[in-house]
Amino acid sequence: MSAPKRIGKSTVQFSNPPVIVATASVVGPKEGEGPLGKTFDMVTQDSYFGQESWEKAERKMLEEAVKMVINKARLKPQDIDVFLAGDLLNQTISANYAARTLGIPFLGLYGACSTMYESMAIASMIIDGGFAHHVVTAVSSHYDTAERQYRFPTEQGVQRPQTAQWTVSGAAAVLLAPAGNGPRITHATIGKVVDAGIKDPNDMGSAMAPAAVDTIVRNFQDTGRSPVDYDLIVTGDLGKVGHTIATKLLQQQQYDVSNNYNDCGIMIYDHERQDTHAGGSGCACSGVVFAGHLMGQFNNGKIKRMLGVGTGALLSPTAIQQGESIPGIGHGVVIEML
Amino acid sequence: MANNKQQGPPKKPLTLTEQVMQQKQAYDQKAYKQLADSVKPKNNVLVNAINAFWVGGTISAIGQIITLMFTANGLPPKDAASATVIVMVFLGTFLTGLGVYDRIGKMAGAGSIIPITGFANSIVSPAMEYKREGFVFGVAAKMFSIAGPVLVYGFIISVVIGLIAYLIS
């Protein structure tokens, strides 16, 4: 038995490509000051967002983004069949507690920083399979919650190496439906876990780049496309280091992406002015850049077809302390204005 | 890997294919590491060293001035040293509370970690951070998460040195 919607070895092609009806983004002040600041729906005044802890602030950002996307589509929470969400915190508490508030049937996901694209791929399968009508997918991350969980307390006086990335504070939500106006998700290439043997948690770009390249190449092979068939190929949060490595690795396999390949981690900050070293990272990095900037580009007609690859470093402080390396994953989604 | 020497059933010998796969993976990872290292931006060692030197030196100079002020006002040298430590720990704590010490540390690196003000910073920063998890399992339990190893090995070394001193004398 072959699966009728699969093409090539590992890509799915949707027979009725789901439509991205609306997107919403909420970001912190630093992201609001960045080069894409104007593309976000809401910029919070401070990192607490009126809450008493950063974890609660992250959760509230996620809730706001979801409420906003449902409002934009002129729907009500009851109209949403499934809510898919994830974040970086232990037990994905931002997503779980946001789902508690929202009261929509919920599937929690963890794909580290690749969760936005992972959730869009799964949501598309659910819709194209006829299992749901309206699906909301959402992610969040927060600089301070991520720092204290993965690295050091924020007031600790340590020096960040040049390869370190800055976790984006924010949340993004995407509402998908079988019909409507907006760009459509035509294909999804599910990522493989690729471990390049990198052990430095301050160098996630190098840890993730091979996984992203693996997914991009499989997408080209399965769809029979080449880099020129996409107006934009965009990875989630490889940063400057990972972007350079990915470009080189693709070059080695005879794919020239020098003209149309970018990375959300590079796009979101002004690295000289904002002191973000190698770039942005976190679930919200690829999430808010897609929900804000890239959706705007689709609506302006600047891009017609893009391959987005959400990249995740499957980092665990416990595993690192036990001498393990950091595996990476990249989920690819093809979005097209038909 | 290197670490799974303890429990578990004895390992089966690898088949030839598995061995080849493992070696290929190790080779690929090594080649990849070389590529990644060639791309990574380098830390500016000279600038960092200069910053560490002058910041560390300034902190030490401030400590020395405080010691001299105590001795000038009649405190015996040994007590003056203890009093200086107390003042420096206070300063480190105070600057951490104001959110200034992490900025100094970002620029100076080891220059502000090594002096006792850095030790104060490493205790106060988790204490501040984990206040929201309560005073027992938050502040008190997490306070030594970074300074703890320093204390443990500091105590062990001092005992060892004390024993050596006792045996020699």
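Predicted model: local features only at pLDDT ≥ 70, side-chain atom pairs only at ≥ 80, totals over all residues.
Me: Is α7(A) largely enclosed or largely open, and why?

Reply: A residue counts as buried if 20 or more other C-beta atoms lie within 10 Å of its own. Eleven of the 14 residues of α7(A) are buried, so the helix is largely enclosed by the rest of the structure.

Me: How does the span of α7(A) relate to the span expected at 1.5 Å a residue?

Reply: An α-helix has 3.6 residues a turn, so residues three or four places apart point the same way. From its first C-alpha to its last, α7(A) reaches 20 Å, close to the 20 Å expected for its 14 residues. After the helix comes A:Gln254, with a positive phi near 65°.

Me: How many residues does each chain put into the contact between A and B?

Reply: The size of an interface is often given as the accessible area lost when the parts come together. Here the account is by residues: 24 from chain A and 31 from chain B. On the chain A side, α6 (204-223) and α7 (239-252) each supply at least two residues. The largest share of that side, four residues, comes from α7(A). By class, the side of chain A that touches chain B has eight nonpolar, twelve polar and four charged residues.

Me: At what angle do α2 and α4 of chain B cross?

Reply: Two packed helices are described by the angle between their axes and the distance between the axes. The axes of α2 (residues 45-72) and α4 (residues 101-108) of chain B come within 8 Å and cross at roughly 135°. The two helices, α2(B) and α4(B), are therefore oblique to each other. On α2(B) the contact is made by B:Asn51, B:Ala52, B:Val55 and B:Gly56, and on α4(B) by B:Ile104, B:Met107 and B:Ala108. These residues divide into five nonpolar, two polar and no charged.

Me: Is A:Asp87 buried or exposed?

Reply: A:Asp87 is found in strand β5 of chain A. It has 35 C-beta neighbours inside 10 Å and therefore counts as buried.

Me: Which residues is A:Asp87 in contact with, leaving aside its neighbours within four places in sequence?

Reply: They are A:Glu58, A:Thr92, A:Ser94, A:Ala95, A:Val139, A:Ser140, A:Ser141 and A:Cys283. A:Ala112, 25 residues from A:Asp87 in sequence, is 6.8 Å from it in space, C-alpha to C-alpha.

Terms used
Residues numbered from 1 in each chain as written. Chains lettered and ligands numbered in written order. Contact = placed C-beta atoms within 7 Å. Nonpolar A, V, L, I, M, F, W, Y, C, P; charged D, E, K, R; others polar. Axes fitted to C-alpha atoms, helices over the stretch in contact; angles between N-to-C directions. Parallel < 35°, antiparallel > 145°, perpendicular 65-115°, else oblique. Expected span 1.5 Å × (residues − 1). Buried ≥ 20, exposed ≤ 12 C-beta atoms within 10 Å, placed from the backbone.
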